[in-house]
Amino acid sequence: MVNFNDQDFFSSKCVWVNGPVIVGAGPSGLAVGACLKEQGIPCVILEKSDCIASLWQKKTYDRLKLHLPKQFCQLPKFPFPQHYPEYPTKKQFIEYLESYARKFNINPRFNECVKFAKYDESCKLWKVKTISPNGSEVEYICQWLVVATGENAEKVVPNIEGLKEFGGEVIHACDYKCGEKFFGKKVLVVGCGNSGMEVSLDLCNHNAQPSIACRSSVHVLPREIFGTSTFELAMFMMKWLPLWLVDKIILILTWFILGNIEKYGLKRPSIGPLELKNTQGKTPVLDIGALEKIRSRKINVVPGIKKFSCGTVELVNGEKLEIDSVVLATGYCSNVPYWLQESEFFSNNGFPKAPFPNSWKGQSGLYAVGFTRRGLAGASADAIRIAQDIGKVYKQDLKQTKQKFPTHRGCIYTS
Ligand SMILES: Cc1cc2nc3c(=O)[nH]c(=O)nc-3n(C[C@H](O)[C@H](O)[C@H](O)COP(=O)(O)OP(=O)(O)OC[C@H]3O[C@@H](n4cnc5c(N)ncnc54)[C@H](O)[C@@H]3O)c2cc1C
Ligand SMILES: NC(=O)c1ccc[n+]([C@@H]2O[C@H](COP(=O)([O-])OP(=O)(O)OC[C@H]3O[C@@H](n4cnc5c(N)ncnc54)[C@H](OP(=O)(O)O)[C@@H]3O)[C@@H](O)[C@H]2O)c1
């Protein structure tokens, strides 16, 4: 007999899910959904936005392309179309994801933002509460909870002194679409990750005058070495060589191709690019043209920011720049701590505590997909493991759970 302690447990609409609840309909959530469908396991995907892959559809700039070759970015069981280029555009990637959802008949519940999820020890089930833009709430009850809300769920907006008094336009990179409207303007791009570099390049291509603020260090690598993707080359070498040696080889080759980037104000980290990615999750920049603009001084590299004042930014070296607009390319963070009431598996930064490859499975039917800082390839590998794991117990548990959970008035059942 199920004993729900909360008095208000059935006060909102209550849905019993015969299978896992997946939170997030980005590439990770879709991949898990597809792998489950292949085994005949039903699931419910909850998505706060009104479309699949909202990060790609709503929060990315127009010129974006995948920065790894397509074979490293495809989701399980459905390759990219053959006619796609080596590095698909954002539009092509979204079309691919839409056909992926169609192929596996995945129909997420849109406009349902998960605001609360907790494991109920007494009934050994997860309770997942969502809220819609119109304020209506639904409570889902399930045996498995798959967290697929992404490493980049929320923008990071730093609290920089004087930014409120700056007066000009200030946007985050997630709201930047194209450099057209910045024609002729002096724009400060804060942050020199892949977003900062590509936004600066785009601004430059639209005849704006970008400066890019790099407060610490960054690994800039060519996207390709001798015609092969740098990522692919690194993966190939890692089959035989230790990581530190692969890092050294990549850096030597990079030096031959890009030269010494430090003379342009881009300080290299003391740790190699792959080790830095593995230990701190910091992604190297794969250069697709920004460095050439930096060399020719069309993009101005500046150090960290001290403070803003009306129309001006003061840098840590004391220099002052007059600027019209600011683009904060200051990154993203996970939103898991805001809604998941759990502290064993996830740490308070919203990432699983266990390092790769043990970061996909928690206790009591909890899973995480897409949190390995290994991009789409990492998400696909997680999705396959998670679906297999759930599949192993699904059929026997289903029978038991149905017996445990009698039909309740006011509770909707999904098949
Ligand atoms: C500009 C940019 C470019 C990138 N390019 C690449 C690339 O080329 N290659 C690569 O491998 N990776 C790239 N990445 C990393 C990117 O995060 C992954 O490729 C991919 O989007 C991860 O998929 P995901 O499903 O895990 O997360 P997301 O794509 O972020 O999807 C998560 C989904 O969960 C939803 N969601 C969040 N919170 C809730 C909630 N509380 N309730 C309900 N729904 C919720 C979101 O609306 C979203 O639709 C890029 C990231 C950025 C920001
Ligand atoms: N084409 C592509 O495929 C593509 C394009 C864009 C992004 N991406 C991916 O998307 C993810 C996010 O990339 P991102 O570039 O948006 O974020 P990011 O890699 O986290 O970089 C954020 C940058 O902002 C800087 N920063 C943060 N706070 C700051 C502050 N207060 N003052 C000054 N600088 C500050 C950081 O500096 P510190 O290093 O000093 O913290 C860093 O340089 C990455 O995985 C990336 O690879 C991919």
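Which residues of H3 are buried?

**View 1. Helix H3 and its buried residues in the predicted model.** Helix H3 covers residues 90-103, 14 residues in total. From the first C-alpha to the last, H3 reaches 20 Å, close to the 20 Å expected at 1.5 Å a residue. The buried residues of H3 are Phe93, Tyr96, Leu97, Tyr100 and Ala101. Seen down the helix axis, these buried residues fall within an arc of 135°, so they line one face of H3.

**View 2. The surroundings of H3.** On its buried side, H3 packs through its buried residues against helix H1 (27-38) and helix H2 (54-58). Arg102 and Lys103 are exposed and sit on the face of H3 turned away from that buried side. Asn105 follows H3 and has a positive phi, near 50°.

**View 3. The shell of residues around ligand 1.** Ligand 1 is surrounded by 36 residues, of which Gly24, Gly26, Gly150, Gly370 and Gly375 are the closest. Two or more residues of the shell come from each of H1, H2, strand S4 (113-120) and helix H10 (375-404). By class, the shell around ligand 1 holds 18 nonpolar, 15 polar and three charged residues. H1 and H2, which contribute to this shell, are also the helices against which the buried residues of H3 pack.

**View 4. The shell of residues around ligand 2.** There are 26 residues around ligand 2, and those that come nearest are Pro158, Gly191, Gly193, Ser195 and Gly331. Helix H4 (residues 194-205) supplies four residues, the largest share of this shell. The shell around ligand 2 divides into 11 nonpolar, 12 polar and three charged residues.

**View 5. Gln341 and its contacts.** Gln341 lies in the loop between helix H9 (336-339) and strand S22 (366-368). Is Gln341 buried or exposed? Gln341 has 10 C-beta neighbours inside 10 Å and therefore counts as exposed, since the cut-off for an exposed residue is 12 or fewer. With neighbours within four places in sequence left aside, Gln341 is in contact with Phe116, Ala117 and Lys118. Asp247 is 94 residues from Gln341 in sequence, and the C-alpha atoms of Gln341 and Asp247 are 39 Å apart in space.

Conventions. Residues are numbered from 1 along each chain as its sequence is written. Chains are lettered from A and ligands numbered from 1 in the order in which they are written. This is a predicted model: local features need pLDDT of at least 70, side-chain atom pairs count only at pLDDT 80 or more; totals for chains, interfaces and linings use all residues. The expected span of a helix is 1.5 Å times one less than its number of residues. A residue is buried if 20 or more other C-beta atoms lie within 10 Å of its own, exposed if 12 or fewer, and partly exposed in between; C-beta atoms are placed from the backbone. The arc is that of the directions from the helix axis to the C-beta atoms. Two residues are in contact if their C-beta atoms, placed from the backbone, lie within 7 Å. A residue is near a molecule or strand if its C-beta atom, placed from the backbone, lies within 6 Å of it. Ala, Val, Leu, Ile, Met, Phe, Trp, Tyr, Cys and Pro count as nonpolar, Asp, Glu, Lys and Arg as charged, and the others, Gly among them, as polar.
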